[in-house]
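Welcome, and please have your viewer ready.

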Amino acid sequence: MSTNIVFIGLGNMGLPMAQNLVRAGHAVTGFDLLPASVKLFADGGGQVSDDQAAAIRAADIVITMLPASRHVLGAYLGDAGILAQARPGTLLIDCSTISTEAARQVGRAAQEQGLPMLDAPVSGGTAGATNGTLTFMVGGEEATLATARPYLEIMGKAIFHAGGSGCGQTVKICNNMLLGILMIGTSEAIRLGVANGLDPKVVSDVMAKSSGRNWTLDVYNPCPGVAENVPASRGYTGGFGVDLMLKDLGLAMESAEASGASVPLGALARTLYDMHSKAGSGGLDFSSIYRLQDAPA
C-alpha cells in the first residue's frame, strides 16, 4: 500500500534515500533548497511541490535529512515548522546527524504535541544510500520504531534501536568519530607504503586481508586509482564532505566534554580535519584527508 511521504533534504544522502522510497511504490514529495536537487528527484519519478506546508499537512510520514542541528531545529520548531503543520499521528523521522541535545529538544516538542518521532541517523555513505544498505541508529520509543521499520528497511539493511530520544545521535557521533580516526590512519598507512616504493593497491589489498582491515579499506579507499566508484577516484567529489566530518567530530568533542570522556584520538582527528578544511578542502569528500600532507606548510 502506498504511503504519502514528505522528504526534506535531497542532498548526497537524502536524494537516493528518497528515490528508494519512490521505487518501492510510495508517493514521496521532495523538498530541497537547491533547485537542481529537486529536479533530479522529479526526473527520477518523485513528486515536487511549491507548498511545503500543504504537503506536510497531507503527509503520513515526514523524513528529514539536513546538514546540522540548527537546520533541524529550524525545520521542526516555530510557527512555520513541521511540528506546527503536521496532522496528529504523523510519523516524524529525522535522519540528520546532529547533537544529542538538539535531537532531544525536538523529540520533546514532538511528544508534547502527540507526534511520534525518531532520531535515526545513518551510516553507510552515498553507496549505502543508493543501494538501500544503510545502517540506521535509532532513538525513540520501540512502538514508534515498529511503525517506521517497514520504511527504514527500504532504505537500509541494518536497524538498531539505541534507546530513547537522542540515543541514535549519540551512537552516530561515536561511529563517525571512529570513522574519522580510521580514515586518517588508513591514509597514513598507505602513504607510508607508497613512500617506500610500494604499489598502493598492493598495500591496500594486503591490509584488507590482515589485522589492519577496516571499512575504509574495504569500500572507501582514500588513495586515487586503487578502487573504482569511490570519491578518491573521481577527484574526491560527492560522498561525505570534509566540513561535515569536521562538524561531526565537533559534536563528538562536545559530547566528550559534557560527559567527561577522554577522546585524545578524536581530538587529534578534529584538529587534522580542521587543518584540511582551512587549506581549502572543506567541500571535498572526507577521504581527501589522504592529501593533507600535500598541502603547503
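Which residues do ring pairs link into a cluster? Select Trp215, Tyr220, Phe240 and Phe286, and you have them on screen.

A word on the model before we zoom in. It is predicted, so local features need pLDDT of at least 70 and side-chain atom pairs count only at pLDDT 80 or more, while totals for chains, interfaces and linings use all residues. Residues are numbered from 1 along each chain as its sequence is written, and side-chain values use heavy atoms, leaving out hydrogens and water.

The structure holds three aromatic pairs; rings of Phe, Tyr and Trp (its six-membered ring) pair if their centres lie within 6.5 Å, and planes under 30 degrees apart count as stacked, over 60 as edge-to-face and the rest as tilted.

Start with Tyr220 and Phe286: their ring centres are 5.4 Å apart and their planes stand at 35°, so this pair is tilted. Tyr220 is buried at 7% relative accessibility, and Phe286 is buried at 2% (buried means under 20% relative accessible area, with a 1.4 Å probe and protein chains only).

Last stop: select Arg191 and Tyr290. The charged end of Arg191 sits over the ring of Tyr290, 5.3 Å from its centre (NZ of Lys or CZ of Arg must be within 6 Å of the ring centre and within 35 degrees of the ring normal).

Conventions
Buried means under 20% relative accessible area, exposed over 50%, partly exposed in between (1.4 Å probe, protein chains only).
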